[in-house]
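This briefing is meant for a reader who is meeting the structure for the first time. Please keep the sequence and the model in view while reading.

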Amino acid sequence: MIKIPFPPQKYDFIVVPGVIYRANKQHIINFLIDTAASTTMIDPDIMKDIGYTRDCPEFVSPAKVSSPAGKEEGYRVKSEKILLYSMECVLRDIDVVCIRPERNVEALLGVNFLKHFHYCIDHKDHVLTLKKH
């Protein structure tokens with residue numbers, strides 16, 4: 001079990017640090033936890049910086065995402081590895097949609113990541129608790 005502290009945010013957003021990996025490259029990311037999002041989304045500029053493009057071997061398919069802001073087009077890749085907060089919380093081969101989730105949000109961690117854990121969000125103490133199934 002891992003307890004991840006998160007700072008109080010405007011609108012009670014939950015933002016936690018993480019890292020996405022590809023080959024010998026990595027990028028530190030602040031993930032917005034979104035229990036209503038089915039998939040994980042990361043800004044395509046970040047993904048391109050570490051080599052996830054439409055031409056990479058990890059490319060899965062084009063992708064469209066609907067949100068209150070409208071429909072966005074991007075692409076889906078199979079990420080090598082995503083780490084959330086510490087080495088205790090690592091998942092491999094997670095689908096990531098390369099679309100900027102929202103203005104001022106570089107990455108959104110969706111249910112396709114969270115479903116691998118029992119999770120509890122404690123807003124009073126500002127702690128996200130994760131336990132692998």
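Thr39 is in contact with Arg76, Asp95, Val97, Leu108, Gly110 and Asn112, leaving aside its neighbours within four places in sequence; contact means heavy atoms within 4.5 Å. Thr39 lies in the loop between strand S3 and strand S4 (40–42), where strands (E, at least two residues) are DSSP runs numbered from the N terminus. At 12% relative accessibility, Thr39 counts as buried; buried means under 20% relative accessible area, exposed over 50%, and partly exposed in between, with a 1.4 Å probe and protein chains only.

The model is a predicted one, in which local features need pLDDT of at least 70 and side-chain atom pairs count only at pLDDT 80 or more, while totals for chains, interfaces and linings use all residues. Residues are numbered from 1 along each chain as its sequence is written, and side-chain values use heavy atoms, with hydrogens and water left out.

- Phe6 is placed in the loop between S1 and S2 and is buried, with a relative accessible area of 5%.
- Not counting residues up to four places away in sequence, Phe6 touches Phe13, Ile14, Val15, Val16, Ile121, Asp122, His123, His126, Val127 and Leu128.
- Phe6 and Leu91 are 85 residues apart in sequence, and their C-alpha atoms are 20 Å apart in space.
- A search of the whole structure finds one cavity of 30 Å³ or more; a cavity is a set of points, on a 1 Å grid over the protein atoms alone, where a 1.4 Å probe fits but cannot get out.
- The largest cavity holds about 30 Å³ of space, a volume being the space filled by probe spheres set on the points, with grid points joined across faces, edges and corners.
- Phe6, Pro7, Pro8, Gln9, Asp12, Phe13, His123 and His126 line the largest cavity; lining residues have an atom within 4 Å of a point.
- This lining of the largest cavity divides into four nonpolar, three polar and one charged residue. Ala, Val, Leu, Ile, Met, Phe, Trp, Tyr, Cys and Pro count as nonpolar, Asp, Glu, Lys and Arg as charged, and the others, Gly among them, as polar.

**Positive phi angles in loops**

- Tyr11 has a positive phi of about 65° although it is not a glycine.
- Tyr11 lies in the loop between strand S1 (2–5) and strand S2 (15–22), and is exposed, with a relative accessible area of 63%.
- Ala23, also a residue other than glycine, has a positive phi near 50°.
- Ala23 is found in the loop between S2 and strand S3 (25–33) and counts as exposed at 55% relative accessibility.

**Aromatic rings and charges over rings**

- The count comes to three aromatic pairs, where rings of Phe, Tyr and Trp (its six-membered ring) pair if their centres lie within 6.5 Å.
- One of the pairs is formed by Phe59 and Tyr75 and is tilted, at 6.4 Å centre to centre and 35° between the planes; planes under 30 degrees apart count as stacked, over 60 as edge-to-face and the rest as tilted.
- This pair links distant parts of the chain, with Phe59 in strand S5 (residues 59–67) and Tyr75 in strand S6 (residues 70–84), 16 residues apart.
- Phe59 is partly exposed, with a relative accessible area of 28%, whereas Tyr75 counts as buried at 4%.
- The charged end of Arg22 sits over the ring of Tyr52, 5.6 Å from its centre; a charge sits over a ring if NZ of Lys or CZ of Arg is within 6 Å of the ring centre and within 35 degrees of the ring normal.
- Lys81 lies over the face of Tyr21, at 4.3 Å from the ring centre.

**Two lysines of strand S6**

- Lys71 is in strand S6 and is exposed, with a relative accessible area of 69%.
- Leaving aside neighbours within four places in sequence, Lys71 is in contact with Val65 and Ser66.
- Lys78 is in strand S6 and counts as partly exposed at 32% relative accessibility.
- Lys78 touches Tyr52, Glu58, Val60, Asp93, Ile94 and Asp95, not counting residues up to four places away in sequence.

**Thr129 in strand S10**

- Thr129 lies in strand S10 (residues 127–132) and counts as buried at 13% relative accessibility.
- Residues touched by Thr129, not counting those up to four places away in sequence, are Met1, Ile2, Lys3, His118, Tyr119 and Cys120.

Definitions and conventions:
Helices (H or I, at least four residues) and strands (E, at least two) are DSSP runs, numbered from the N terminus. On a 1 Å grid over the protein atoms alone, a cavity is a set of points where a 1.4 Å probe fits but cannot get out, and a pocket is an open set with protein on both sides within 12 Å along at least five of seven lines; lining residues have an atom within 4 Å of a point.
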